[in-house]
Amino acid sequence: MSAFHAESAVRPEPDKVLQDIADYVHNYKVDSPLAFETARLCLIDTIGCGLEALRFPACTNLLGPVVEGTVVPNGTKVPGTNFQLDPIRGAFNIGTQIRWLDYNDCFLAAEWGHPSDNLGAILAVADHLARKGEPLTVHEVLEAMIKAHEIQGGLALLNSFNRVGLDHVVLVKVASTAVVSKLIGLDRAQTIDAISHAWADGQSLRTYRHAPNTGSRKSWAAGDACSRAVNLAYLVKRGEKGMPSVLTAKTWGFYDVLFKGKPFEFQMPFGSYIMENVLFKISYPAEFHAQTAVEAACILHERLKSMGKSSDDIKSIRIRTQEAAMRIINKKGPLDNFADRDHDINYMVAYPLIYGNLTSESYTDEAAKDPRIDELRAKITCVEDQRFSVEYHEPSKRSIGNALLVELNDGTVLDEVEIEYPVGHKRRRAEGTPLLFQKFERHIGPHFAKERQEKILNTVNDPNFGKLPVDQFTDLFVKA
């Protein structure tokens, strides 16, 4: 007869990563004025991006309660709508509208992502709790945003999830679970349990958002991650136990199953670095690796115009770019929908070379019918610039460089346009902040009367904005 060793039923100590995240959420005091000011800008920009998404039926078709007409007492109010939902469904709604147009903030490292996606979970829970009578203010929302940004970005600095087929929204789920756990009153041990469930659920967030030949990008992935995060936190509040070795368990753990056996690496302790260095998409609703390429294309459009020429006179275009752009947004062949187009650097360069601008409308089926776009895409060649790739990862720079070289049919070669830092970069924050407010005003304009717009702008610029109760903040954006 064969003898087998029985497995130990003793629960191990929680993985260090779980403990570090929980300790940061519960014990770290954010005292950076820069982080809070950037979080304020991030909050209003993110709300604005969600409102802009409501102009697109493909987005609004996914929103609302599961059972039509349901109104939840003390429920989460969804900006730009009259929906009042439970916080789990509310998180899906807010997270989906925030992420829909790929116009919210960004952070780029070994893994890229959009840390403001976490606002879907944070605002849904905070608004619900405030409507139940808990004294939550905008300041606490900003603090939760800073910490969610830090968790997601800190994990992204040195760990590439896309290289193992995992989308960056798995980090949204982890970060949102952590900060929501504190918001709903979980203690440190319960927060560890909740975070463990977020990692255990990681395999369900395998996705093909950025993979080639898969047809489309799942634009509601962030909403899905936010709703899962809220659900997991509430499950633990009801007594659900966690999995302390969810990352490190042999054979069954996240590292062995999904991360090729490699443990996570960390470049720095959790603090407020990510929020302080977050990237805003200000001028163009374009995937961030292409932001400087779009800016360069707009400059070249004006240059062609001054010469009495147009995109029809272009023979070839060379784009020098970073390795990440080469890998995720350099696409050839038919682009079937909005989501495919806003993740192709060739489309995002061709369009402004023709029209001189790039807006959310530029990715619609109607806009894409212009045959000149694909004709110009076929003339574009992307090459990696090693310096751009290196400085993309340098903590002191984190540039997102692109350079465009255009040759005309008559043999003329235009001076190359190189831009390393987009207007939404920390290095251009003073230049970008007024433009960010202009973007916000454009996004609230179609939804609210002039009087309401003025009230919103006065409120978000009030020195006491942080003291405003959360439900009073969200009420500013509720559809009349």
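**Strand pairing, helix packing and a loop residue**

Mentor: In this predicted model, I317 stands opposite I380 in β4.

Trainee: In β4, which residue is the bridge partner of R320?

Mentor: Strand β3, residues 314-321, pairs with β4 in the parallel sense over 5 bridges. I317 stands opposite I380 of β4. For R320, the bridge partner in β4 is V383.

Trainee: Which residue in β5 does R318 stand opposite?

Mentor: β3 is also joined to strand β5, residues 402-408, by 6 bridges, and these two strands run antiparallel. In β5, the residue opposite R318 is L405.

Trainee: Which are the edge strands of the open sheet?

Mentor: The open sheet is formed by 4 strands in the order β4-β3-β5-β6, with mixed pairing. An edge strand here pairs on one side only, and that applies to β4 (380-384) and β6 (417-419). The twist from one strand to the next averages 15 degrees. The edge strands are therefore β4 and β6.

Trainee: How are α1 and α8 oriented: roughly parallel, roughly perpendicular or oblique?

Mentor: Two packed helices are described by the angle between their axes and the distance between the axes. Helix α1 (residues 16-27) packs against helix α8 (residues 188-200) at an angle of about 125 degrees, with the axes 9 Å apart. Angles of 65 to 115 degrees count as roughly perpendicular and those over 145 as roughly antiparallel, so α1 is, relative to α8, oblique.

Trainee: In which hand of crossing does α1 pass α8?

Mentor: The residues of α1 that meet α8 are L18, Q19, I21, A22, D23 and H26. On the α8 side they meet R188, T191, I192, I195, S196 and W199. The crossing in which α1 passes α8 is right-handed.

Trainee: Is N277 buried or exposed?

Mentor: N277 lies in the loop between α11 (273-276) and α12 (291-306). Its relative accessible area is 16%. Because a residue under 20% counts as buried, N277 is buried.

Definitions and conventions: Residues numbered from 1 in each chain as written. Predicted model: local features only at pLDDT ≥ 70, side-chain atom pairs only at ≥ 80, totals over all residues. Heavy atoms only, no water. Buried < 20%, exposed > 50% of the residue type's maximum accessible area, 1.4 Å probe, protein only. Axes fitted to C-alpha atoms, helices over the stretch in contact; angles between N-to-C directions. Parallel < 35°, antiparallel > 145°, perpendicular 65-115°, else oblique. Left-handed = near helix turned anticlockwise from the far one by under 90°. Contact = heavy atoms within 4.5 Å.
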